[in-house]
Amino acid sequence: MIVQKYGGTSVGNATRIKRVSRRIAETVRSGHRVVAVVSAMGHTTDRLIGLAHRVSGEPPPRELDMLVANGETITAPLVAMCLQGLGVPAVSLTGPQAGVRTSNHHSRARIREIRPTRILEALDQGQVPVVAGFQGATEDFEITTLGRGGSDTTAVALAAALGAQSCEILTDVDGILTADPRVVPEARLLRHIAYEEILELAAVGARVMHPRAVEIGELYGVPIHVRSSFHRRPGTMIVSEVPMEDRNRVRGVAHELGVAKITVLGVPDRPGVAAAVFEPLSRAGISVDVIVQNVSSQGHTDLTFTVSETEFPQALRLVELAVREVGATGLSQSGGLAKVSVVGTGMLGTPGIAARMFRTLAEAAINIEMISTSEIRITCIVERDRAEAAVRALHAAFKLDQVPTASGAPV
Ligand code: ADP
Ligand code: ASP
Ligand code: MG
């Protein structure tokens with residue numbers, strides 16, 4: 001059994017839906033049982049969100065989910081009817097019909113459980129289940145969505161729940177590249193990437209995979225193959241260990257626009273203050289990113305962190321309350337920022353990568369506002385308008401366009 005997920009561009013119009021259906025039909029005829037997961041056509045999700053904002057200043061999260069889930073609900077029956085026309089029995093299922101149960105965090109729900117009874121029934125009857133990605137329902141049948149790019153997560157979670165042999169993510173690029181090819185035309189296809197590397201890349205903006213999909217894939221050992229829906233050449237395998245020649249270096253550069261920064265000023269330096277600021281954000285399901293706390297002077301510190309611009313207004317309201325509660329002196333904020341990151345397991349124990357990153361940005365006259373690191377990632381917050389220049393400069397500085405040698409390319 002194989003789960004195939006087709007992204008928005010791949011199902012963007014009638015011709016493409018027919019082509020995708022032929023590919024599913026071929027996979028079935030080659031002897032596989034196939035579960036298809038589909039995204040909304042083309043820019044449908046963006047259009048629906050835009051529409052919501054034209055009729056409502058701040059669309060209520062529940063209604064927004066009711067609205068945007070429809071994108072996927074349209075694609076699934078179109079693919080199912082096309083398959084039937086090709087002589088392949090198929091049935092479309094919404095996320096809830098497919099048994100996707102989620103938390104109740106609208107627009108960023110997490111899959112709690114999958115009860116795939118209907119999928120298994122369809123497979124038993126020789127049908128291809130065509131599941132609408134991105135959507136699910138809570139225990140109370142409230143419709144939820146999994147966050148932008150969440151159809152990947154539907155696919156990998158289904159592959160895990162069904163014990164599928166693999167999950168194919170079929171998209172509009174050749175696989176996972178060293179950077180977004182829209183920003184860096186020389187970006188190179190990576191044949192293999194470690195779960196932890198693509199997880200870090202995805203978490204800091206590489207749109208090609210939804211981070212939660214990678215997490216679930218690693219947890220349940222689902223082999224994930226990210227490849228083009230437009231041709232048959234192999235793409236990128238996400239694996240536990242990358243081959244020797246791919247270690248020992250930076251593997252990719254990612255960027256994310258739409259970052260905002262909040263600073264809580266004059267925070268009293270005592271236990272429990274950071275918790276009081278971050279707990280309300282966590283309860284609201286807002287993820288906080290790069291966090292920096294200054295060295296205390298005269299019993300007070302400043303606490304700065306980033307959130308995504310879409311969650312900025314809500315985060316500000318919650319932090320304003322916390323500021324009063326903890327007795328901080330004030331708040332400063334700015335939007336229009338971006339995150340630029342370099343990632344690679346080879347960074348572990350390789351000195352000089354941070355220095356090279358900072359030097360490269362300095363030479364491009366790009367100011368670094370904040371820095372954060374993990375063992376295999378370095379992230380800099382920069383002005384949004386400079387993010388793409390930063391990505392191109394870093395891609396060149398780390399020679400990511402060159403095929404690594406057997407010993408791993410020097411950094
Ligand atoms: P789909 O609709 O198939 O899910 P997405 O738009 O979500 O496709 O993701 C694919 C896009 O991700 C590509 O078109 C590319 O612009 C972008 N992208 C960003 N970083 C990378 C990367 N490192 N490798 C490949 N694609 C990337
Ligand atoms: N349609 C949703 C989005 O645009 C989910 C997806 O494509 O994976 O984010
Ligand atoms: Mg996607």
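This is a predicted model: local features need pLDDT of at least 70, side-chain atom pairs count only at pLDDT 80 or more; totals for chains, interfaces and linings use all residues.
**A walk from the sheet to the ligands**

Leu265 stands opposite Gly330 in S16. Residues are numbered from 1 along each chain as its sequence is written, chains are lettered from A and ligands numbered from 1 in the order in which they are written, and side-chain values use heavy atoms, leaving out hydrogens and water.

Back to the strands. Strand S13 (residues 252-268) and strand S16 (residues 330-343) run antiparallel and are joined by eleven bridges. Strands here are DSSP E runs of at least two residues, helices are H or I runs of at least four, and both are numbered from the N terminus. Two strands pair if DSSP finds at least two bridges between them. Zoom out and you'll see six strands in an open, antiparallel sheet, ordered S14-S15-S13-S16-S18-S17. At the edges sit strand S14 (291-293) and strand S17 (370-374), each pairing on one side only. On average, neighbouring strands of this sheet are turned by 30° against each other, direction ignored. Helix H11 (residues 353-363) packs on the sheet and touches S16, S17 and strand S18 (377-383), with a direction about 20° from that of S18. Contact means heavy atoms within 4.5 Å.

Now for a pair of helices. The axes of H3 (residues 61-68) and H4 (residues 70-85) come within 5 Å and cross at roughly 20°. Such axes are lines fitted to C-alpha atoms, for helices over the stretch in contact, with angles from 0 to 180 degrees between N-to-C directions. H3 and H4 are therefore roughly parallel to each other, a label for angles under 35 degrees. Where they meet, Met66, Leu67 and Val68 of H3 face Asn70, Gly71 and Glu72 of H4.

Glu72 also turns up around ligand 2, along with residues including Ser39, Phe134 and Arg148; near means a heavy atom within 4 Å. A polar side-chain atom of Arg148 lies 2.7 Å from an oxygen atom of ligand 2, while a polar backbone atom of Gly149 is 2.9 Å from a ligand 2 oxygen atom.

Which residues come nearest to ligand 1? Of the 16 around it, they are Lys5, Thr171, Asp180, Arg182 and Arg207. A polar side-chain atom of Thr171 lies 2.7 Å from an oxygen atom of ligand 1, and for Asp180 a side-chain N or O atom is 2.8 Å from one.

Methods: Angles under 35 degrees count as roughly parallel, over 145 as roughly antiparallel, 65 to 115 as roughly perpendicular and the rest as oblique. A polar contact is a pair of N or O atoms within 3.5 Å; within protein, one must be able to donate a hydrogen and the other to accept it, and residues adjacent in sequence count only if both atoms are side-chain atoms.
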